[in-house]
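Open your viewer, get the sequence panel beside it, and follow along. We'll go from one selection to the next and say what is there.

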Amino acid sequence: GKSGYIVWDAESPNVASLTEIPIHVKVSRGDTVLTNAFSGYFPPEMIVGTIQKSEIPKGETFQQIWVDLAVDFNKLHYVEVVKNFLKEEQKQLELEYYNAENN
């Protein structure tokens with residue numbers, strides 16, 4: 001898989017944009033979008049949604065991708081707040097690993 005960022009543009013509560021996916025990465029309607037552990041904010045392998053459509057804007061190096069979110073935010077009544085108490089340690093370890101791999 002390839003990593004990107006989910007951005008909600010506030011136009012629809014059920015659709016978000018998936019950004020930073022290069023144009024050479026093949027995506028298809030219905031592909032599942034999952035969280036990963038890289039951000040330190042979310043547990044990995046949680047379903048975010050499915051790809052609704054994608055376009056390659058002329059002259060761009062990244063695709064424009066729309067994701068149907070798995071959760072209907074209009075119907076939420078209770079949510080859980082997740083706090084990663086080891087986030088700073090995780091970031092430091094990731095940085096050390098990255099530096100070791102690239103030196």
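Where is the place of Q63? Select Q63 and you land in the loop between β4 (47-55) and β5 (64-69). Strands here are DSSP runs of E with at least two residues, while helices are runs of H or I with at least four, and both are numbered from the N terminus.

Before going further, note that this is a predicted model, where local features need pLDDT of at least 70, side-chain atom pairs count only at pLDDT 80 or more, and totals for chains, interfaces and linings use all residues. Residues are numbered from 1 along each chain as its sequence is written, and side-chain values use heavy atoms, with hydrogens and water left out.

**Stop 1: around Q63**

Stay on Q63. Is Q63 buried or exposed? Q63 is buried, because its relative accessible area is 8% (buried means under 20%, exposed over 50%, and partly exposed in between, with a 1.4 Å probe and protein chains only). Now show the side chain of Q63: it reaches the backbone oxygen of P22 at 2.8 Å. That is a polar contact, meaning a pair of N or O atoms within 3.5 Å; within protein, one must be able to donate a hydrogen and the other to accept it, and residues adjacent in sequence count only if both atoms are side-chain atoms.

Next, bring up the surroundings. Leaving aside neighbours within four places in sequence, Q63 is in contact (heavy atoms within 4.5 Å) with a list of residues including L18, I21, P22, I23 and V25. Also among them are S54, E55, I56 and P57.

**Stop 2**

Zoom out and switch to a cartoon view. Two strands count as paired if DSSP finds at least two bridges between them.

- β1 (residues 5-7) and β2 run antiparallel, joined by three bridges. Pick V7 to see its bridge partner in β2, S17.
- β2 and β5 pair in the antiparallel sense over four bridges. Here L18 stands opposite I65, and V15 stands opposite D68.
- β4 and β5 pair over six bridges, again antiparallel. Select G49 and look across to its partner in β5, L69.
- β3 and β4 are antiparallel too, with three bridges. L34 has I47 in β4 as its bridge partner.

Beyond four places in sequence, S17 is in contact with Y5, I6, V7, D9 and I65.

**Stop 3: a lysine over a ring**

Show K53 and W66 together. K53 lies over the face of W66, at 4.6 Å from the ring centre. A charge sits over a ring if NZ of Lys or CZ of Arg is within 6 Å of the ring centre and within 35 degrees of the ring normal.

**Stop 4: N36**

Go to N36, in the loop between β3 (32-34) and β4. N36 counts as partly exposed, at 26% relative accessibility. Its side chain and that of S3 are joined by a polar contact of 3.0 Å. Not counting residues up to four places away in sequence, N36 touches S3, F42 and P44.

**Stop 5: two positive phi angles**

Most residues other than glycine have a negative phi, and our last two picks go the other way. E20, in the loop between β2 and β3, has a positive phi near 70°. E20 is partly exposed, at 38% relative accessibility. E45 sits in the loop between β3 and β4, and its phi is positive as well, near 65°. Is E45 buried or exposed? E45 is exposed, with a relative accessible area of 56%.
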